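Load the model in your viewer and keep the sequence panel open.

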Amino acid sequence: MSVTVLGLGPMGRALAGALLRAGEQVTVWNRSPGKDRALVEQGANSARTPGEAAAASSLILVCVVNYDAADLILRTGDVESALQGRTVVNLTADTPSRAREVDDGTFSGADNPITSAASSMAHIVHAAEAHGIDSGVMRAAEGLARRVIGRGHGEDGFMRVAGLLTPAPTR
Ligand SMILES: NC(=O)c1ccc[n+]([C@@H]2O[C@H](COP(=O)([O-])OP(=O)(O)OC[C@H]3O[C@@H](n4cnc5c(N)ncnc54)[C@H](OP(=O)(O)O)[C@@H]3O)[C@@H](O)[C@H]2O)c1
């Protein structure tokens, strides 16, 4: 598989390194030059522009500081046209309100229902604990997902947990 990683902070570098170790064909791009050096030594292709990076792979992972940065990278003419027919996975985190804007308030789980997210998290918890890694945060996230599923929202997306986290109005 060919995979592009846009954004080489600690998370992007870790992802690109893991993909290279798994034998994937990896292309990387980062706003500031130089962060790709170790990855290129391990076999990654270094793209000069986000458009070139997007055109290089069938799967594009975006991993930058927030949604504004992701928009700056993705919403340009050459990147938008390069992305036609490719799969984009935005791993960038932002605030719950920004996530709700992106989700447009429908909590749609059409692409990734919360049942699927909960089962992925269970795998991560299991694998982490088998390696002696503390999985408390992931267990908490899985617990929230299971509560949402228990309330009958299993077909919604993970953002449905926002309803559990919003404080009830005080009298
Ligand atoms: N680190 C983790 O364990 C972890 C875990 C889960 C989720 N995440 C999420 O993954 C994302 C990346 O996290 P991270 O820890 O790798 O790094 P980060 O410090 O959150 O973000 C750094 C990355 O964002 C880029 N960036 C910042 N502003 C930009 C802009 N205006 N245009 C283009 N690129 C810009 C940086 O490029 P430059 O190098 O040019 O500054 C760098 O590649 C975040 O959303 C984070 O919340 C991280």
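How many residues surround the ligand, and which are the closest? Select the ligand and its shell: 19 residues surround it, and the closest are Gly9, Met11, Arg31, Ser32 and Ala93.

Two notes on reading the model come before the next selection. Residue numbers start from 1 along each chain as its sequence is written. The model is predicted: local features need pLDDT of at least 70, side-chain atom pairs count only at pLDDT 80 or more, and totals for chains, interfaces and linings use all residues.

**The shell around the ligand**

Colour the shell by residue class. The shell has 11 nonpolar, six polar and two charged residues. Here Ala, Val, Leu, Ile, Met, Phe, Trp, Tyr, Cys and Pro count as nonpolar, Asp, Glu, Lys and Arg as charged, and the others, Gly among them, as polar. Then select α1 (10–21) and α4 (67–74), each of which supplies at least two residues of this shell.

**The whole chain**

Switch to a cartoon view. The chain has nine helices and five strands, where helices (H or I, at least four residues) and strands (E, at least two) are DSSP runs numbered from the N terminus. Along the sequence the pattern is β-α-β-α-β-α-β-α-α-β-α-α-α-α. The C-alpha atoms fill a box of roughly 55 × 40 × 30 Å, taken along the principal axes.

Of the 171 residues, 26% count as buried. Buried means that 20 or more other C-beta atoms lie within 10 Å of the residue's own, exposed means 12 or fewer, and partly exposed is in between, with C-beta atoms placed from the backbone.

Now select residues 3–93. In an unreviewed entry, UniProt places the feature "domain: Pyrroline-5-carboxylate reductase catalytic N-terminal" there; such annotations may be inferred rather than shown by experiment. Over this range the chain is 41% helix and 21% strand, and the end C-alpha atoms are 20 Å apart.

**The sheet**

Select the five strands. They form an open sheet in the order β3-β2-β1-β4-β5, with parallel pairing; two strands pair if DSSP finds at least two bridges between them. The edge strands are β3 (45–46) and β5 (87–90), each of which pairs on one side only.

- β2 (residues 25–29) and β3 are joined by two bridges, and the bridge partner of Val28 in β3 is Ser46.
- β1 and β2 are joined by five bridges, with Thr4 opposite Thr27 in β2.
- β1 and β4 are joined by four bridges, with Val3 opposite Leu59 in β4.
- β4 and β5 are joined by four bridges, with Val62 opposite Asn90 in β5.

Stay on β1. Four of its five residues are buried, so β1 is largely enclosed by the rest of the structure.

**The cores**

In soluble globular proteins, nonpolar side chains tend to be buried together. A nonpolar core is here a set of buried Ala, Val, Leu, Ile, Met, Phe, Trp, Tyr and Cys residues joined through C-beta atoms within 7 Å.

Select Val5, Leu6, Ala16, Val28 and Val62, the residues with the most contacts inside the largest core, which has 25 residues. The elements giving two or more residues to this core are β1 (2–6), α1, β2, α3 (50–55), β4 (59–62), α4 and α5 (77–82).

Centre on Ala16. Not counting residues up to four places away in sequence, Ala16 touches Val5, Leu8, Val26, Val28, Leu39 and Ala44; a contact requires C-beta atoms, placed from the backbone, within 7 Å.

Then select Ile114, Met121, Ala145 and Phe158, which are among the seven residues of a second, separate core.

Which residue of α7 (residues 114–130) comes next? Select His126, which is found in that helix. His126 counts as exposed because it has 10 C-beta neighbours inside 10 Å.

Finish at Pro96, in helix α6 (residues 96–103). Pro96 has 13 C-beta neighbours inside 10 Å and so counts as partly exposed. The C-alpha atoms of Pro96 and Ala162 are separated by 7.4 Å, although the residues are 66 apart along the chain.

Key:
Near = placed C-beta within 6 Å. Contact = placed C-beta atoms within 7 Å.
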